[in-house]
Amino acid sequence: MTLIEKARELRWLIEEAVQSLDDEKASKAPTLFPRLKQDGSLVRAGTRICHNGEVKKAAVDLWDTADNSPDKAADLWETLEYKDGYRIIPSTITVTGAFAKGERGWWNGVLYESTAENNVYTPEQYAPHWTEVTE
C-alpha cells in the first residue's frame, strides 16, 4: 500500500478527530475538515466543514444537499470567530471580549496587534490602540 493510499484510508479518522479542536486551532487547518458531499446525509448542528478554504459550522441539523450549502443557505452556517488562529475583531467589543495587550486580531482582512490592555476599540474606532502586523 502506498503512502497516498494509506492517507486516504485514514482520512475519516482525521476528519473525526479535528471536530474536537477548539475554534482557534480549527481555524489554522481548514483543509483537515470534511467537505460537503451533497449526498443527502444528515449534518448535525455544530459539525464543522471546509468550504472555500474556510471552516464553517452547521448552525442547525441539516441535510447535505446543494440547496443547504453555505453559498445557498448562509443562515444555516456560522463562520468561526477566528482566522489563521487569531480572533476576528468584532465591530462591537464587549468588556468580556476585550483584547489583551499583544493579542492579535483580524480587522477588514488586516492583522493587527493590540497595544493596550483590555482593549474594547476596533482599529477604526481608536487606531492608537492597534498596530498593523506586517511580518
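User: In β3, which residue is the bridge partner of I49?

Analyst: This is a predicted model, where local features need pLDDT of at least 70, side-chain atom pairs count only at pLDDT 80 or more, and totals for chains, interfaces and linings use all residues. Residues are numbered from 1 along each chain as its sequence is written, and side-chain values use heavy atoms, without hydrogens and water. Strands β2 and β3 (residues 54-58) are antiparallel and share 4 bridges; two strands pair if DSSP finds at least two bridges between them. The partner of I49 in β3 is K56.

User: Which strands stand at the edges of the open sheet of 3 strands, and why is one side of each without a neighbour?

Analyst: The order in this sheet is β2-β3-β5, with antiparallel pairing. An edge strand here has a single partner strand, so one side of it is left without a neighbour in the sheet. The strands at the edges are β2 (48-51) and β5 (77-79).

User: By how many degrees are neighbouring strands of this sheet turned against each other on average?

Analyst: Each axis is a line fitted to C-alpha atoms, for helices over the stretch in contact, and angles run from 0 to 180 degrees between N-to-C directions. For the average in this sheet, direction is ignored. The value is 40 degrees.

User: Which strands stand at the edges of the sheet of 5 strands?

Analyst: This second open sheet has mixed pairing and the order β6-β7-β8-β9-β10. Two of its strands have a single partner strand each, so one side of each lacks a neighbour in the sheet. They are β6 (82-83) and β10 (130-132).

User: Do β7 and β8 run parallel or antiparallel?

Analyst: Strands of a sheet pair through backbone hydrogen bonds, in either a parallel or an antiparallel way. On one side, β7 (residues 86-88) is joined to β6 by 2 antiparallel bridges, with R87 as the partner of Y82. R87 also has a bridge partner in β8, namely G105. The 2 bridges that join β7 to β8 show them running parallel.

User: In the hairpin of β8 and β9, which turn residue has a positive phi?

Analyst: β8 (residues 104-107) runs antiparallel to β9 (residues 110-114), with 4 bridges between them. One of the pairs is R104 with E113. The hairpin has 2 residues between the strands, and the one with a phi of about 50 degrees is N108.

User: Are R104, W106, G105 and W107 buried or exposed?

Analyst: A residue is buried under 20% relative accessible area, exposed over 50%, and partly exposed in between (1.4 Å probe, protein chains only). R104 and W106 point one way from β8, while G105 and W107 point the other way. All four are buried.

User: What is the relative accessible area of S91?

Analyst: S91 sits in the loop between β7 and β8. Its C-alpha atom is 6.7 Å from that of T122, although the two residues are 31 apart along the chain. S91 is exposed, because its relative accessible area is 54%.

User: How many helices and strands does the protein chain have?

Analyst: Helices (H or I, at least four residues) and strands (E, at least two) are DSSP runs, numbered from the N terminus. The pattern along the sequence is α-α-β-β-β-β-β-β-β-β-β-β. One of the helices is α1 (residues 3-17), which holds W12. The chain has 2 helices and 10 strands.
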